[in-house]
Amino acid sequence: MSRKETLGKDIKSHEITDESLYLKRRDFMKAMGLGLGILPQFSKSNTDLQSGSHILTHNHQINNEAPGWVKQKISAAHPGLYSTIETPTPYEYVSTYNNFYEFGSGKDDPVANAQNLRIDPWSVEIAGDAEITGTFTLEDVVAPHDLEERIYRLRCVEAWSMVVPWIGFPLKKLLSRFKPLSTAKYVRFETLYDPSQMPGQRSLFKSIDYPYVEGLRIDEATNDLVILAVGLYGKYLPGQNGAPLRLIVPWKYGFKSIKSIVKIEFTSKRPKTTWEVSNPKEYGFYANVNPNVDHPRWSQATERRLPGGLFRSSQIDTKMFNGYAEQVAYLYKGMDLKRFF
Ligand code: MTE
């Protein structure tokens with residue numbers, strides 16, 4: 001089926017209103033033959049969690065070099081678990097207000113500098129404490145997985161937030177394919193290092209070391225909420241958002257959600273992660289969203305929800321674990337979260 005047939009014809013970005021979101025969601029459910037009610041298999045006890053879709057709300061032309069097989073998989077994505085019913089931040093903000101230091105430290109640098117990121121071919125090395133390791137193509141990594149949409153809150157450590165309809169698949173499904181050994185206690189992720197494509201890596205005034213590295217404890221990494229994303233708003237991920245493959249860990253500050261991943265490694269020791277190395281007093285390994293533990297230079301009790309408006313305050317209270325406590329609080333039972341921030 002062509003993309004046009006799947007996506008519907010005439011949805012323009014300026015139509016992103018609550019009503020159009022509702023109507024497109026309804027179309028999506030209909031197209032999937034799912035009826036209009038909330039589906040029992042998708043509903044959760046928490047009223048914030050529901051099946052929903054913003055897959056059909058955009059018709060932007062982005063990242064033409066995305067391989068056809070990914071585009072096809074994205075158009076076949078289905079609504080997944082754990083999506084919030086909060087209004088998604090419009091695509092225009094999600095794709096133009098970015099943190100991706102490899103492309104510059106200003107919020108509008110990534111969109112300006114990431115357009116020519118070469119994402120095809122792309123390979124991902126799987127290394128460390130697992131039965132199966134090696135270098136795999138993006139297709140090896142992604143193609144066996146059904147893609148789903150997860151509409152998640154994204155809370156940056158800088159105290160702004162968005163709501164983003166990602167398209168991806170659970171990280172735990174990928175990890176299990178490589179059969180991690182019992183010595184694998186952590187998972188370490190690495191971003192592409194290619195100064196010829198990434199001006200931030202060539203800069204004389206680098207504020208962080210490259211390649212960008214992130215990590216999770218293995219029980220965090222295999223929590224249901226963690227996904228590897230290949231798309232957003234029903235489209236292929238733009239370079240500035242971390243094409244072709246990025247991590248999404250919705251209960252942690254955004255810097256844990258590492259972009260443009262080229263290496264995933266199972267380790268027995270806790271990896272040294274980029275922001276922790278750059279300033280260990282300000283950024284911890286755990287980086288769980290926590291309104292009770294302030295950043296040394298600002299409060300984390302509230303956040304600015306983007307886009308905000310002239311007449312409407314966009315300041316909202318920050319929730320423990322970014323509102324995902326029901327799914328993740330068990331991971332930190334008995335831990336002093338002020339110490340392990
Ligand atoms: N990944 C890499 N490789 N480099 C980065 O600079 N910035 C992080 C994270 N992942 C970053 C990264 C930060 S601070 C945030 S808030 C999120 O990406 C932002 O994701 P977005 O631009 O898609 O909203």
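Strand E5, which spans residues 160-170, gives the most to the lining of the largest pocket, contributing three residues. The model in which this pocket is found is a predicted one, and the pocket itself holds about 420 Å³ of space. Its lining is made up of 25 residues, and those that lie nearest the centre of the pocket are Asn-99, Phe-100, Tyr-212, Gly-254 and Phe-255. When the lining of the largest pocket is divided by class, 15 residues are nonpolar, six are polar and four are charged.

The chain as a whole comprises 341 residues, of which 55% count as buried, and its secondary structure comes to 11 helices and 13 strands. Among the contacts in the chain with a separation of 6 or more, 74% are accounted for by residues 24 or more positions apart. The accessible surface of the chain comes to about 15,200 Å², and carbon and sulfur atoms account for 52% of that area.

Rolling a probe the size of a water molecule over the atoms shows where empty space is left. One cavity of 30 Å³ or more is present in the structure, and the volume of the largest cavity is about 40 Å³. Strand E4, formed by residues 148-155, gives the most to the lining of this cavity, with four residues. The residues that line the largest cavity are Tyr-152, Arg-153, Leu-154, Arg-155, Trp-166, Ile-248, Val-249, Pro-250, Lys-252 and Ser-257. By class, the cavity lining consists of six nonpolar residues, one polar residue and three charged residues.

In an unreviewed entry, UniProt places the feature "binding site" at Asn-98, Tyr-101, Glu-102, Cys-156, Thr-191, Asn-241, Arg-246, Ser-257, Ile-258 and Lys-259. Of these residues, Ser-257 is included in the lining of the largest cavity. Ile-258, another of the positions named in the UniProt record, lies in the loop between strand E10 (246-248) and strand E11 (261-267). Because its relative accessibility is 0%, Ile-258 counts as buried. When residues up to four places away in sequence are not counted, Ile-258 touches Phe-189, Glu-190, Thr-191, Tyr-212, Val-213, Glu-214, Arg-246 and Leu-247; among these contacts, Thr-191 and Arg-246 are also listed under the "binding site" feature in the record.

Lys-259, likewise listed in the UniProt record, is found in the loop between E10 and E11. With a relative accessibility of 9%, Lys-259 falls under the 20% limit and therefore counts as buried. Leaving aside neighbours within four places in sequence, Lys-259 is in contact with Asn-98, Asn-99, Phe-100, Thr-191, Gln-240, Asn-241, Gly-242, Leu-245 and Arg-246. Of the residues in this list, Asn-99 and Phe-100 are included among those that lie nearest the centre of the largest pocket.

Strand E11, at the end of the loop that holds Ile-258, contains Glu-265. The C-alpha atom of Glu-265 is separated by 5.7 Å from that of Ile-126, although the two residues are 139 residues apart along the chain. With neighbours within four places in sequence left aside, the contacts of Glu-265 are with Ala-127, Gly-128, Tyr-186, Val-187 and Arg-188.

Several features of the backbone were also noted. Tyr-210 and Pro-211 are joined by a cis peptide bond with omega of about 0°, and Pro-211 has its place in the loop between helix H8 (199-202) and strand E7 (213-217). A cis peptide bond also joins Ala-243 and Pro-244, where omega is about -5°; Pro-244 lies in the loop between strand E9 (235-236) and E10.

Positive phi values occur at residues other than glycine. For Tyr-82, phi is near 70°, and this residue is found in the loop between strand E1 (78-79) and helix H4 (91-94). Tyr-82 counts as buried because its relative accessibility is 6%. Ala-159, which is not a glycine either, has a positive phi of about 75° and is found in the loop between E4 and E5. As the relative accessibility of Ala-159 is 16%, this residue too counts as buried.

Methods
Residues numbered from 1 in each chain as written. Predicted model: local features only at pLDDT ≥ 70, side-chain atom pairs only at ≥ 80, totals over all residues. Heavy atoms only, no water. 1 Å grid on protein atoms, 1.4 Å probe; cavity = no way out; pocket = protein on both sides within 12 Å on 5 of 7 lines; lining within 4 Å. Points joined across faces, edges and corners; volume = space filled by probe spheres on them. Helix = DSSP H or I, 4+ residues; strand = E, 2+ residues; numbered from the N terminus. Nonpolar A, V, L, I, M, F, W, Y, C, P; charged D, E, K, R; others polar. Buried < 20%, exposed > 50% of the residue type's maximum accessible area, 1.4 Å probe, protein only. Contact = heavy atoms within 4.5 Å. Areas by Shrake-Rupley, 256 points an atom, 1.4 Å probe, with all protein chains shown as cover. UniProt positions renumbered as here; feature names shortened; annotations may be inferred.
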